[in-house]
Amino acid sequence: MRRLVSSLSALLLSASVALPAAAAEVNVYSARKDHLIKPVLDAFTAETGIKVNLLSAAEDQLLERLKSEGKDSPADLFVTTDAVHLHKARVAGVLQPISTPALTAAIPAQYRDPQGYWYGLSARARVIFYAKDRVKPSELSTYEDLADPKWKGRICVRSSSSAYNQSLLAGLIAVMGPDKAGQWAKGMVDNMARKPQGGDRDQISAVAAGQCDLAIANTYYFGGMQTSSKAEERDAAAKVGIFFPNQQGRGAHMNVSGAGLAASARNKAEAVRLLEYMAGPEAQRLFAEANNEFPVRSGAKLSPTVGAWGPFKAETINVAMLGENIAQAVRTFDRVGWR
Ligand SMILES: [Fe+2]
């Protein structure tokens, strides 16, 4: 019997030597816009020879697909935006934990899941934008202050169905407690210049057009407008100032785009290698620059556009906390009538 096994394994060994080795590849499900992720994937393939098969779709669509495919999913790596979506993927069981020295060294603890189910790869702040001709930066201070009656009818902000607003309120629940965060959300509704509509860029544009004096938006939208090929977007951005809140206290609200190893991963080694590559210095620069974001890797260089906003204090709570408070945030929005 032993001889049979050893001759069998010798046969298998010679067969695997004789056959051409299958090309190494990795399957990526990505909710990021293609032009934001492609340069990083191409650089990875050029460096490692590992082919990347990219499937791009919206966050929720990809999550549903991962759930329905289950163990049979071809996905090796899931790339998505916002801690909310990363959290949903973890809770849905479509990710598996991974921890490597390279990942934990590259990515600060506040920007990754404590159990390694996902890693933040680029960071954004959700901050205040103000009309330069109507608001002095000295009038601005904190997120809390935006709920003050002095801003009545002056604030533009998008709908509460946005993951970005859900994350913002989830973060406030974590730092202020649910009661105070609820009062804040109510105060914001009272101060809105109009019913929530449009995306983050539309809020910044509305400030420039005089429809409101303040807006809340993610930093990269402002960077996108400042560097836009459309003159009207550049002109709008020029009328608007960026203000990082809570600089005397806990710092500005942060969020991430990130990735996690798929529970179904068959090309696990390649997927981990890609994840580590994405956390490396070159990919961090490409990632951050492509979308005017902040690299998560400490010491990585900022793009000129992002660097021009100046240094600021970022909140240090783990962004995984945001996902945990999301259900409560959604209930709070409903209760205070933030549509
Ligand atoms: Fe966005």
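This is a predicted model: local features need pLDDT of at least 70, side-chain atom pairs count only at pLDDT 80 or more; totals for chains, interfaces and linings use all residues.
1. Confidence of the model. pLDDT is the predictor's confidence in each residue, on a scale from 0 to 100. Over the protein chain as a whole the mean pLDDT is 93, and 94% of the residues reach 70 or more.

2. Overall composition. The protein chain comprises 15 helices and 10 strands. Its C-alpha atoms fill a box of roughly 85 × 40 × 30 Å, taken along the principal axes. Of the 339 residues, 52% count as buried. Among the contacts with a separation of 6 or more, 77% are accounted for by residues 24 or more positions apart.

3. Helix H3. This helix spans residues 59-69, and its buried residues are Leu 62, Leu 63 and Leu 66. Viewed down the axis of H3, these buried residues fall within an arc of 100°, and they therefore line one face of the helix. An α-helix has 3.6 residues a turn, so residues three or four places apart point the same way. The other side of H3 carries the exposed residues Gln 61 and Ser 68. The buried residues of H3 pack against strand E1 (25-30), strand E2 (51-56), strand E3 (77-81) and helix H4 (83-91). Just after H3, Gly 70 adopts a positive phi of about 55°.

4. Helix H10. In this helix, residues 231-238, the buried positions are Glu 233, Ala 236 and Ala 237.

5. Packing of H6 with H15. Helix H6 (residues 163-176) and helix H15 (residues 326-336) pack at an angle of about 105°, and their axes are 8 Å apart. H6 and H15 are therefore roughly perpendicular to each other, because angles of 65 to 115 degrees count as such. On the side of H6, the contact is made by Asn 165, Gln 166, Ser 167, Leu 169, Ala 170 and Ile 173. On the side of H15, Ile 326, Gln 328, Ala 329, Val 330, Thr 332 and Phe 333 take part. The residues of this contact of H6 with H15 divide into 7 nonpolar, 5 polar and no charged.

6. Ser 160. This residue lies in the loop between strand E6 (155-156) and H6. Ser 160 has a relative accessible area of 10% and is therefore buried, because the cut-off for that class is under 20%. Not counting residues up to four places away in sequence, Ser 160 touches Asn 165, Gln 166, Phe 333, Trp 338 and Arg 339. Of these partners, Asn 165, Gln 166 and Phe 333 also take part in the contact of H6 with H15. Ser 160 and Val 330 are 170 residues apart in sequence, yet their C-alpha atoms are 7.5 Å apart in space.

7. Two asparagines with positive phi. Asn 246 is found in the loop between E8 and strand E9 (253-262). Its phi is near 55°, a positive value in a residue other than glycine. Asn 246 counts as buried, at 5% relative accessibility. Asn 292 is found in the loop between helix H12 (281-290) and strand E10 (294-295). Phi of Asn 292 is near 50°, again positive in a residue other than glycine. Asn 292 is buried as well, with a relative accessible area of 9%.

8. Leu 261. This residue belongs to strand E9 and counts as buried, at 1% relative accessibility. Leaving aside neighbours within four places in sequence, Leu 261 is in contact with Asp 76, Leu 77, Val 94, Leu 95, Gln 96, Ile 98, Tyr 117, Lys 268, Ala 271 and Val 272. Leu 261 and Pro 101 are 160 residues apart in sequence and 16 Å apart in space, C-alpha to C-alpha.

Methods
Residues are numbered from 1 along each chain as its sequence is written. Side-chain values use heavy atoms; hydrogens and water are left out. Buried means under 20% relative accessible area, exposed over 50%, partly exposed in between (1.4 Å probe, protein chains only). Helices (H or I, at least four residues) and strands (E, at least two) are DSSP runs, numbered from the N terminus. Axes are lines fitted to C-alpha atoms, for helices over the stretch in contact, and angles run from 0 to 180 degrees between N-to-C directions. Angles under 35 degrees count as roughly parallel, over 145 as roughly antiparallel, 65 to 115 as roughly perpendicular and the rest as oblique. Contact means heavy atoms within 4.5 Å. Ala, Val, Leu, Ile, Met, Phe, Trp, Tyr, Cys and Pro count as nonpolar, Asp, Glu, Lys and Arg as charged, and the others, Gly among them, as polar. The arc is that of the directions from the helix axis to the C-beta atoms.
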